[in-house]
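The exercises below ask the reader to work through the structure one element at a time. Each task is followed by a solution in steps.

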Amino acid sequence: MPAPGPPEIVFAGRSNVGKSSAINALVGRKRLAFTSKTPGRTQTINFYALGELARLVDLPGYGYARVPQAQRAQWRALVDSYLGSRPHVAGIVMIMDARHPLTPLDVQLLEWLGERRRLLLLAKADKLTRAEQAALKRKFADALLFSSVTRQGVEECRGLLESWLEPPAEIKSPR
Ligand code: GDP
């Protein structure tokens, strides 16, 4: 893995949930400055630099339900070795499909990612009606409805991630 540097914002989600599209929508670029890859046997963690400010860490898509147990164990080992070695995880963006939020796989993934600052993105929100969106908002008050297609939620998400990067207020010693 690359040497620790700027704070890292981690993106996680099931395969095909819209993770790559969300990262591209947030960063506003099709091609990110690619810094390094950490391959596992079948999967790779990609690190992208946002200048000196931050890094985006793209965890491998967590498999479909039919993925064999051994492969899930590999996924977990790779992610554990990442999380266990990084001093500067600013937070985790967990991406779920707005049409099927909190599937059993999502729940397992959240457990593995542990108690950290996190943001739940309900991706592909454009596939929902207004009424469905309103119902989701009530059910998941702290989640953000998001669409890479309509750009719903993009600015709000950026603002939240920027707030994760702000240095803690300086503690001034009394004179
Ligand atoms: P990843 O595997 O999680 O990185 O998912 P991708 O970003 O590659 O997207 C998977 C599929 O979902 C692709 O066919 C995308 O075009 C589609 N997709 C991604 N984001 C959205 C979205 O916000 N709305 C809609 N309607 N489709 C999306």
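## Exercise 1: An aspartate in its surroundings

Asp106 counts as buried because its relative accessibility is 0%, and the cut-off for that class is under 20%. The model in which this residue is examined is a predicted one.

Solution. Finally, consider Ile95, which lies eleven residues from Asp106 along the chain, with 8.8 Å between the two C-alpha atoms.

## Exercise 2: Two packed helices

Task: describe how helix 2 and helix 3 pack, giving the angle and the separation of their axes, and then name the residues that meet.

Solution. Two packed helices are described by the angle between their axes and the distance between those axes. For helix 2 (residues 69-85) and helix 3 (residues 104-113), the angle is about 35° and the axes are 10 Å apart; the crossing of helix 2 past helix 3 is right-handed. From helix 2, the residues Arg72, Trp75, Arg76, Val79 and Leu83 meet Leu105, Gln108, Leu109, Trp112 and Leu113 of helix 3.

## Exercise 3: The nonpolar cores

Task: find which residues of the largest nonpolar core touch the most other members, and follow the contacts of Leu59.

Solution. The largest nonpolar core has 30 residues, of which Leu59, Tyr82, Leu113 and Leu122 touch the most other members. At least two residues of this core come from each of strand 1, strand 3, helix 2, strand 5, helix 3 and strand 6 (118-123). Leaving aside neighbours within four places in sequence, Leu59 is in contact with Val10, Phe11, Ala12, Lys19, Thr44, Ile45, Val79, Tyr82 and Leu113. A second, separate core of 24 residues includes Val17, Tyr48, Val154 and Cys157.

## Exercise 4: Helix 1 and confidence

Task: identify the buried residues of helix 1 and the elements against which they pack, then state the mean pLDDT of the chain.

Solution. In helix 1 (residues 19-27), the buried residues are Lys19, Ala22, Ile23, Ala25, Leu26 and Val27, and these pack against strand 1 (8-13), strand 3 (44-50), strand 4 (54-58), strand 5 (89-97) and helix 5 (154-165). After helix 1 comes Gly28, with a positive phi near 70°. The mean pLDDT of the protein chain is 87.

Definitions and conventions:
Residues are numbered from 1 along each chain as its sequence is written. This is a predicted model: local features need pLDDT of at least 70, side-chain atom pairs count only at pLDDT 80 or more; totals for chains, interfaces and linings use all residues. Side-chain values use heavy atoms; hydrogens and water are left out. Axes are lines fitted to C-alpha atoms, for helices over the stretch in contact, and angles run from 0 to 180 degrees between N-to-C directions. Helices (H or I, at least four residues) and strands (E, at least two) are DSSP runs, numbered from the N terminus. A crossing is left-handed if the near helix is turned anticlockwise from the far one by less than a right angle, and right-handed if clockwise. Contact means heavy atoms within 4.5 Å. Buried means under 20% relative accessible area, exposed over 50%, partly exposed in between (1.4 Å probe, protein chains only). pLDDT is the predictor's confidence in each residue, from 0 to 100. A nonpolar core is a set of buried Ala, Val, Leu, Ile, Met, Phe, Trp, Tyr and Cys residues joined through side-chain atoms within 4.5 Å.
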